[in-house]
Amino acid sequence: MATEVLMPQLGESVTEGTIARWLVKPGDYVKKYEPLCEVTTDKVNAEVPSTVEGKVTQLVAEEGDTLAVGALICYIEVEGDAPAPEAKPQTASTSPAAQTASAPSVPQQAAGAPAAAKVSGKRYSPAVMRLAQENGIDLNQVSGTGSEGRITRKDVLAFIENGGASAAPGAVAASPQIAAQTAEEEMPSVQTTAVSAPPVAQPSAPVSRPQTVSVPSYPGDTQIPVTPVRRAIANRMTQSKHEAPHAWTMMEVDLTNLVKMRNRVKGEFKAKEGFNLTFLPFFIKAVVESIKEYPIMNSVWAGENIVLRKNINISIAVATDDALYVPVIKDADQKSIYGIARAVDELAAKTRAGKLTPDDMAGGTFTVNNTGSFGSVLSTPIINYPQAAIISIESIVKRPVVIDDMIAIRDMVNICLSLDHRVLDGLVCGRFLQSVKQKLEAYSLDTSIY
């Protein structure tokens, strides 16, 4: 009997994963720990390694399928094993007895797994059913290009692009069971939407769960399915804006001395350390030192209490082509500028390579957002819930500035702070920003990086 490979537990509170891409195909020989597929969760992208060495005999899940932890995704035949059961297509010549004896087209999944839905005697994956219901598509009108003519998510998307979505509005009358299953998939729990939130002492209010919104479709429109990561971002941002009353303040900072200092040492630093010295570590260092002066900035609203975090763990926003991740620099107050720079470089590389782990995303207490890297000069960031504040560092630009009644050209930057007004007031935030400003303007050629 072939070995079953199941959807692994990819992190604490992760309950399901979506098959993003298969890296093997039936007939491939894989070694133990060799990656089988890429999986996307609401926290990270990860590869699923093979648990045994042998030949892949059947891919049970399709790309785009969302499966619960423990659900069957493929079979691997280890040397000496009996051949894996293969799904047999039902034909008119097959006798009822033979149909009963043949293996089901979709193997049995673990309890709680979102099994493929069945409509009119045909089986469809949850991703296909969701797309069909959201766009009012009769799947009987869609031609399948998958194994044994099975309809894939790509088939439905192609049908939509060809104008099929408006051909049969409301044609799919899903059974109550299917509708309930789809609704359950569309409403992740509070736990699954917590991208980087540490545990809070007091339970928070229920999250506003995503609802399917009826939007008119026009010729030429393209439907882009919401990925788990995008849904997690949407839920987190909605939760933050609903629960935390945001206030905002901004100061401008003269970075002329820092720019001179960094330009002077960046070449030598790159040659010595092997990675670039950006401005971000200097910003984070100034923020961390200011948090030590005003520790209330490193806190969380917990209903009856305000939880003051002991550790200063800085979340940094790292964008990829299709999403935004917020990995965490642990114990940033114990690191030099060099230590912070190395941590930033490592986390950014892991983010862009899709190698972040849940631990990389956990434990943040304050967020530094470097929107200046995109050329922005002013922004109002949304607080990374349940943290109490987030600071945004804007683009460094040369501006004329009046100094001693004379006009000088200086390297200026805006630093913007969004705060949870339940925890923080303007006075302490103003003093905190003033501290960050003073520390940034105090950098000089004598500043030690190590």
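In which helix do Glu 441 and Lys 437 both lie, and how many residues apart are they? In this predicted model, the two residues both belong to helix H11, which spans residues 426–442. They are four residues apart, about one turn of the helix. Glu 441 and Lys 437 form a salt bridge, with 3.1 Å between the closest N and O atoms. Glu 441 is partly exposed, its relative accessible area being 28%. Lys 437, at 18% relative accessibility, counts as buried because the limit for a buried residue is under 20%.

Salt bridges that share partners also join Lys 285, Glu 289 and Lys 292 into one network. The structure holds 13 salt bridges. One of them is formed by the side chains of Asp 359 and Lys 330, at 3.9 Å from N to O. This pair links distant parts of the chain, the two residues being 29 residues apart. Asp 359 lies in helix H10 (residues 358–361), while Lys 330 lies in the loop between strand S17 (328–329) and helix H9 (337–352). Asp 359 is exposed, with a relative accessible area of 53%, whereas Lys 330 is partly exposed at 28%. A further salt bridge connects Asp 420 with Arg 422, where the closest N and O atoms are 2.7 Å apart. Asp 420 is buried, with 1% relative accessibility, and Arg 422 is partly exposed, with a relative accessible area of 24%.

The chain as a whole contains eleven helices and 21 strands. Of its 450 residues, 44% are buried. Among the contacts in the chain with a separation of 6 or more, 66% are between residues 24 or more positions apart. The chain exposes about 22,500 Å², of which carbon and sulfur atoms supply 53%.

In soluble globular proteins, nonpolar side chains tend to be buried together. The largest nonpolar core here has 57 residues, and the members touching the most others are Ile 284, Ile 314, Phe 366, Ile 391 and Leu 417. Helix H8 (residues 280–293) gives the most to this core, contributing eight residues. When neighbours within four places in sequence are left aside, Ile 284 is in contact with Ile 314, Ile 316, Ile 329, Ile 340, Val 344 and Val 368. A second, separate core comprises 19 residues, including Ile 19, Cys 37, Val 39 and Cys 74.

Cys 74 also has a place in a strand pairing, as it stands opposite Leu 59 from its position in S8. Strand S8 (residues 72–77) pairs with strand S6 (residues 54–59) in the antiparallel sense over four bridges. Both strands belong to an open sheet of four strands, in the order S1-S8-S6-S3, with antiparallel pairing. Strand S1 (3–6) and strand S3 (29–30) are the edge strands, each pairing on one side only.

On the surface, Trp 248, Met 250, Val 377 and Leu 378 form a nonpolar patch. Together these residues have about 350 Å² of accessible area. Leu 378 is located in the loop between strand S18 (366–369) and strand S19 (389–393). At 48% relative accessibility, Leu 378 counts as partly exposed, because a residue is called exposed at over 50%.

Technical notes:
Residues are numbered from 1 along each chain as its sequence is written. This is a predicted model: local features need pLDDT of at least 70, side-chain atom pairs count only at pLDDT 80 or more; totals for chains, interfaces and linings use all residues. Side-chain values use heavy atoms; hydrogens and water are left out. Patches are made of residues with over 30% relative accessible area and no salt bridge: like charges are joined within 9 Å, nonpolar side chains (Val, Leu, Ile, Met, Phe, Trp, Tyr) within 5 Å. Accessible areas come from the Shrake-Rupley method with a 1.4 Å probe; for residues, only the protein chains shown count as cover. A salt bridge is a side-chain nitrogen of Lys or Arg within 4 Å of a carboxyl oxygen of Asp or Glu. Buried means under 20% relative accessible area, exposed over 50%, partly exposed in between (1.4 Å probe, protein chains only). Two strands pair if DSSP finds at least two bridges between them. A nonpolar core is a set of buried Ala, Val, Leu, Ile, Met, Phe, Trp, Tyr and Cys residues joined through side-chain atoms within 4.5 Å. Contact means heavy atoms within 4.5 Å.
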